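These notes are for a colleague who is about to look through the model and would like some points to check against the coordinates. They go from one place in the fold to the next, and each can be read alone.

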Amino acid sequence: MKILRLKHICFLIGCVLVGNFSVAAQTLSIIGEVKTPLTLSINDLKAMPQTQLKAKDRDGKEHEYGGVRLVDLFQKAGVTLGGELRGENLTKYVIARAADGYEVLFSLAEIDEEFSGCTILLAHTVDGQALPQGIGPFRLVVPDERRPARWIREIKTIEIRFAK
Amino acid sequence: MKLLTSILSLFLLAGFLALKSPRHDARLHPYKLEYPSSFGSRFVIPENNSLTEEGVTLGRMLFYEPLLSKTNTISCSSCHQQSLAFSDNRRLSIGVSGKPTRRNSMSLANLLWVKNLFWDGRVSGLEAQAAFPLIHPDEMGQSLEISAKKLSKTRLYPPLFKEVFGTATITGEQITQALSQFERTLISADSPYDRYLEGKYQLSATEKRGLELFMRGPAPERGVRGANCAHCHGGVKLFQEVFHNNGLDSIAVQDKGRQEITGEASDNGRFRVPTLRNIALTAPYMHDGRFATLEEVLDHYNQNMFHPSNLSHELRTATNTEGGKTLGLTAVEKKDLIAFLHLLTDSTFITNPAFANPHPNTKTKPIR
């Protein structure tokens, strides 16, 4: 009992000390085969054109996600899209990496809406609220996919590479 | 004329050195790594340290070489014992200073596939990793330069280094390169679980139930019970390179884990999710060895976790009861899981003579 209580007190102290990590300090980087590498804060993202879309998460329920289309971010970084997405540029791929080291891959063509017809969102809100800790501040949302394994949580880095 | 001869001989010498410098002369034999195709080839071996039979043999001798320690009493194998899947049985290890190390000794299995080493992933590549324990004052406590000097004074090592690296003098870099070559060969792929995957091992009833719990995430709304272990420890290698906070403390103060490397508060208390290969052999558990048994580990995940705000998402949400706050496995389910975990013990790996102490007739002191 005593141990239990001590544990609860520790937990409360922990909440105060760790509390909410400063979301403003957490950034997203876009690096690799880009004209301009970017490191963006939540405020940088909020200053860009926002998109809302509805998609089903792992819970099977539909949620409304808000954020910036990945294709817009790639345009800002100067990634080869649209008319430039041809020839050897079609051998480019994208590694998205989370804070815990989890990695998933897309082909660059998947990200380009003109090419694939799909929108991939770099979300920072769900149902009007900031993404909770452990999921945000940033998460990819790939609405047309049946399994959300590439909806990478706590995304930190997006790297564009050439397949060699 | 004399000048011309000198220039010519210089060119010849330069040409000879150029041929010699990519150090693999034809006398060395490439080492063939063998592993199941399901393990895949997602690994990188540095171009300047490709594996050779001779390099691996030298690395193995160095792994068991106490001369690499300040006191000539500790080798890599002191804290990484083959019979324990290259870990030790202490909460924290004891090196040359007698003072406990900061963290629990990690098992060295299938490091070929690991990019960033240590509990906190602080270094990339085995060559860079090896220098840490060699130098650390509480581990082996000796600079690479002194180690190289001590080896140079033996009768045993200079010809071996010359054979592998083609140079007359031994360097610290060569020591870490040879050690890495040996470590890349420490492949564990022959546990009963591996044999089950190949259709060569029949699970008992309890092992089968354990496997199902291990692999499945709980979904009480659909009547599915699970322990969700595979989410982080899954795959044929039973390893994914991720760093999570698993609720050991409400806040990690003494040892902040990955936060100490990245400087980010959200990495507080995040540590490597280790491989579960040979897990029954590598007690005690966690980065600080706080749990003595697998039962204690399961109790932690089942009901004793703290919930810091950066607790691993999967740990936060997994429950076997609708609206439940804990995993909620029964005593029988925990026993089944432990039966499954014992299937991960690879007795071929821990008895493979190719990984054993090569120095004859003595446990710690090699013959010179």
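Predicted model: local features only at pLDDT ≥ 70, side-chain atom pairs only at ≥ 80, totals over all residues.

1. A place to begin is B:F39, which sits in the loop that runs between α1 (2–20) and α2 of chain B. Leaving aside its neighbours within four places in sequence, B:F39 is in contact with B:A189, B:V236 and B:K237. The C-alpha atoms of B:F39 and B:G235 are 8.7 Å apart in space, although 196 residues separate the two in sequence.

2. Most residues other than glycine have a negative phi. Is B:L238 buried or exposed? With 24 other C-beta atoms within 10 Å, B:L238 is buried.

3. As for chain B overall, there are 15 helices and four strands, and the C-alpha atoms fill a box of roughly 95 × 45 × 45 Å, taken along the principal axes. Buried residues make up 40% of the 368 residues in chain B. If one takes the contacts in chain B between residues at least 6 apart in sequence, 68% of them join residues at least 24 apart.

4. Two packed helices are described by the angle between their axes and the distance between the axes. For helix α2 (residues 53–63) and helix α7 (residues 172–184) of chain B, the angle is about 100° and the axes are 7 Å apart; because angles of 65 to 115 degrees count as roughly perpendicular, α2(B) and α7(B) are roughly perpendicular to each other. On the side of α2(B) the contact is made by B:G55, B:V56, B:L58, B:G59, B:R60, B:L62 and B:F63, and on the side of α7(B) by B:I175, B:A178, B:L179, B:S180, B:Q181 and B:F182. The residues of this contact divide into eight nonpolar, four polar and one charged.

5. In helix α4 (residues 126–135) of chain B, the buried residues are B:L126, B:E127, B:Q129, B:A130, B:P133 and B:L134. They cover an arc of only 155° around the axis, and therefore lie on the same side of α4(B). Which elements cover these buried residues of α4(B)? The cover includes α3 (76–79), β1 (116–117), β2 (123–124), α5 (144–152) and α7 of chain B.

6. Chain A has an open sheet of five strands in the order β2-β1-β10-β5-β6, with mixed pairing. Its edge strands are β2 (38–40) and β6 (103–107) of chain A, each of which pairs on one side only, and the twist averages 15° from one strand to the next. Within this sheet, strand β5 (residues 92–98) and strand β10 (residues 155–162) of chain A run antiparallel and are joined by seven bridges, and A:A96 stands opposite A:I158 in β10(A).

7. Strand β3 (residues 51–56) and strand β4 (residues 62–69) of chain A likewise run antiparallel, with six bridges between them, and A:L53 stands opposite A:Y65 in β4(A). The hairpin of β3(A) and β4(A) has five residues between the strands, and there A:G60 takes a positive phi near 80°.

8. A further positive phi, of about 45°, belongs to A:E154, which is not a glycine. A:E154 is placed in the loop between β9 and β10 of chain A and is buried, with 21 other C-beta atoms within 10 Å.

9. In chain A, a cis peptide bond with omega of about 10° joins A:G136 and A:P137, where A:P137 lies in the loop between β8 (129–130) and β9 (139–141) of chain A. In chain B, the peptide bond from B:A283 to B:P284 is cis, with omega near -5°, and B:P284 is found in the loop between β4 (271–272) and α12 (294–304) of chain B.

Conventions
Residues numbered from 1 in each chain as written. Chains lettered and ligands numbered in written order. Pairing = 2+ DSSP bridges. Helix = DSSP H or I, 4+ residues; strand = E, 2+ residues; numbered from the N terminus. Axes fitted to C-alpha atoms, helices over the stretch in contact; angles between N-to-C directions. Parallel < 35°, antiparallel > 145°, perpendicular 65-115°, else oblique. Contact = placed C-beta atoms within 7 Å. Nonpolar A, V, L, I, M, F, W, Y, C, P; charged D, E, K, R; others polar. Buried ≥ 20, exposed ≤ 12 C-beta atoms within 10 Å, placed from the backbone. Arc of directions from axis to C-beta.
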